[in-house]
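Work through the exercises below with the sequence and the 3D view open. Each task is followed by a solution in steps.

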Amino acid sequence: MNDDARTNIGTPAPTPGNSGSAELRDQVERTRDELGQTVEALAAKADIKAQAKEKTAAVKDQAAEKAVLVSDQIREKAGAAAQLVKDKTPDPLLEKTAQAAAQVRESAAKAGQYAADKTPDPLLEKAGQAATAARANRTPLLVAGAAVVVLLLVRRSRGRRR
């Protein structure tokens with residue numbers, strides 16, 4: 001076997017004219033493109049760090065969507081429960097409750113003023129800082145409070161079934 005025979009193994013025989021070499025160049029170019037795409041796909045599969053980041057982002061998005069959904073459901077059910085209580089409560093009781101609430105508000109305002117007058121300044125300052133922090137983080141605090149209420153309601157309803 002001579003050197004020409006070894007180097008031409010697997011190579012298509014050239015056809016007369018220039019069209020065979022143009023086809024061959026096109027085929028080589030397509031093969032290179034396919035090979036490049038395959039290498040890119042393999043590199044993407046091998047990049048575990050990027051896959052982990054994508055998965056983390058997806059899970060985070062799902063959790064946020066679920067939190068919004070649950071929060072909306074809680075708000076809706078709380079509103080329905082409040083409306084049900086209001087509908088079932090007799091009018092005279094509602095009036096007495098409103099009067100009592102006004103009295104409680106007035107007493108609370110007086111007690112608050114008395115406490116503010118008697119409380120040392122450093123303690124008032126700390127309380128003001130805590131209130132500011134609570135206002136700044138209102139949404140997480142509301143979500144946490146709603147979660148606690150739901151947990152208590154679930155535990156209470158399970159206790160009644162036993």
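The exercises use a predicted model and go from the overall fold to single side chains.

**Exercise 1. Overall make-up**

Task: State how many helices and strands the protein has, and in what order the elements run.

Solution. 
- Step 1. The protein has 6 helices and 0 strands.
- Step 2. Read from the N terminus, the order of the elements is α-α-α-α-α-α.

**Exercise 2. Burial and surface**

Task: Find what percentage of the residues count as buried, and what share of the accessible surface belongs to carbon and sulfur atoms.

Solution. 
- Step 1. A residue is called buried when its relative accessible area is under 20%.
- Step 2. With that cut-off, 1% of the 162 residues of the protein count as buried.
- Step 3. The accessible surface of the protein is about 14,700 Å².
- Step 4. Carbon and sulfur atoms account for 59% of that surface.

**Exercise 3. Salt bridges**

Task: Determine how many salt bridges the model holds, and describe the pairs formed by Asp-72 and Glu-106.

Solution. 
- Step 1. Side chains of opposite charge can pair when their charged atoms come close.
- Step 2. The cut-off to apply is a side-chain nitrogen of Lys or Arg within 4 Å of a carboxyl oxygen of Asp or Glu.
- Step 3. The count under this rule is 2 salt bridges.
- Step 4. Asp-72 is bridged to Arg-75, with 3.1 Å between the closest N and O atoms.
- Step 5. Asp-72 and Arg-75 both belong to helix H3 (residues 48-88) and are 3 residues apart, so about one helical turn separates them.
- Step 6. Asp-72 is partly exposed at 39% relative accessible area, and Arg-75 is exposed at 56%.
- Step 7. Glu-106 is bridged to Lys-110, at 3.5 Å from N to O.
- Step 8. Glu-106 and Lys-110 are 4 residues apart in helix H4 (residues 91-118), so about one helical turn lies between them as well.
- Step 9. The relative accessible area of Glu-106 is 48%, which makes Glu-106 partly exposed; Lys-110 has 55% and is exposed.

**Exercise 4. A further look at Arg-75**

Solution. 

**Exercise 5. Two threonines**

Task: Decide whether Thr-89 is buried or exposed, and name the backbone oxygen that the side chain of Thr-132 reaches.

Solution. 
- Step 1. Thr-89 belongs to the loop between H3 and H4.
- Step 2. Thr-89 has a relative accessible area of 19% and is therefore buried.
- Step 3. A polar atom of the Thr-89 side chain is 2.5 Å from the backbone oxygen of Val-85.
- Step 4. Thr-132 is in helix H5 (residues 121-136).
- Step 5. At 48% relative accessible area, Thr-132 is partly exposed.
- Step 6. The backbone oxygen of Gly-128 is reached by the Thr-132 side chain at 2.9 Å.

Technical notes. Residues numbered from 1 in each chain as written. Predicted model: local features only at pLDDT ≥ 70, side-chain atom pairs only at ≥ 80, totals over all residues. Heavy atoms only, no water. Helix = DSSP H or I, 4+ residues; strand = E, 2+ residues; numbered from the N terminus. Buried < 20%, exposed > 50% of the residue type's maximum accessible area, 1.4 Å probe, protein only. Areas by Shrake-Rupley, 256 points an atom, 1.4 Å probe, with all protein chains shown as cover. Polar contact = N/O pair within 3.5 Å; in protein donor to acceptor, adjacent residues only side chain to side chain.
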